[in-house]
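This briefing goes through one chain by topic, beginning with a pair of residues and then widening to the fold and the annotation. Please keep the sequence and the structure in view while reading.

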Amino acid sequence: MTNVGEKYLCENCGGVVLVIEPGLPLYCCGQMMNRVNKDGTVEASKQIPIISEVDLY
Ligand SMILES: [Zn+2]
């Protein structure tokens, strides 16, 4: 679950997303994006992705 104002980072490509609408977890490059804390540190996602890579195609 994402919340408004949170930032998410993709470890793979370095892409950053700012959430403006609450919603489902964000995915990039086939993996769950990590939340960036207000102090700039990145929180590793603890949730296990629901969809497998096979489902993306
Ligand atoms: Zn990515």
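In this predicted model, V36 stands opposite V42, a residue of strand β6. The strand β5, which covers residues 34-36, is joined to β6 by two bridges, and the two strands run antiparallel.

**The sheet**
- Strands β5 and β6 belong to an open sheet of four strands, whose order is β2-β1-β5-β6 and whose pairing is antiparallel.
- Because β2 (16-18) and β6 (42-43) stand at the edges with a single partner strand each, one side of each is left without a neighbour in the sheet.

**The chain as a whole**
- The chain contains six strands and zero helices, so that its elements, read from the N terminus on, follow the pattern β-β-β-β-β-β.
- Of its 57 residues, 5% count as buried.
- Among the contacts in the chain with a separation of 6 or more, 22% are accounted for by residues 24 or more positions apart.

**The loop around G14**
- G14 lies in the loop that links β1 (7-9) to β2.
- With 8 other C-beta atoms within 10 Å, G14 is exposed, because the cut-off for that class is 12 or fewer.
- G14 and C28 are 14 residues apart in sequence, while their C-alpha atoms are 9.6 Å apart in space.

**The annotated span**
- UniProt, in an unreviewed entry, lists residues 2-34 as "domain: Desulfoferrodoxin N-terminal".
- In the model, the end C-alpha atoms of residues 2-34 lie 11 Å apart, and this span is 33% strand and 0% helix.

Conventions:
Residues are numbered from 1 along each chain as its sequence is written. This is a predicted model: local features need pLDDT of at least 70, side-chain atom pairs count only at pLDDT 80 or more; totals for chains, interfaces and linings use all residues. UniProt positions are given in the numbering used here, feature names are shortened, and annotations may be inferred rather than shown by experiment. Two strands pair if DSSP finds at least two bridges between them. A residue is buried if 20 or more other C-beta atoms lie within 10 Å of its own, exposed if 12 or fewer, and partly exposed in between; C-beta atoms are placed from the backbone. Two residues are in contact if their C-beta atoms, placed from the backbone, lie within 7 Å.
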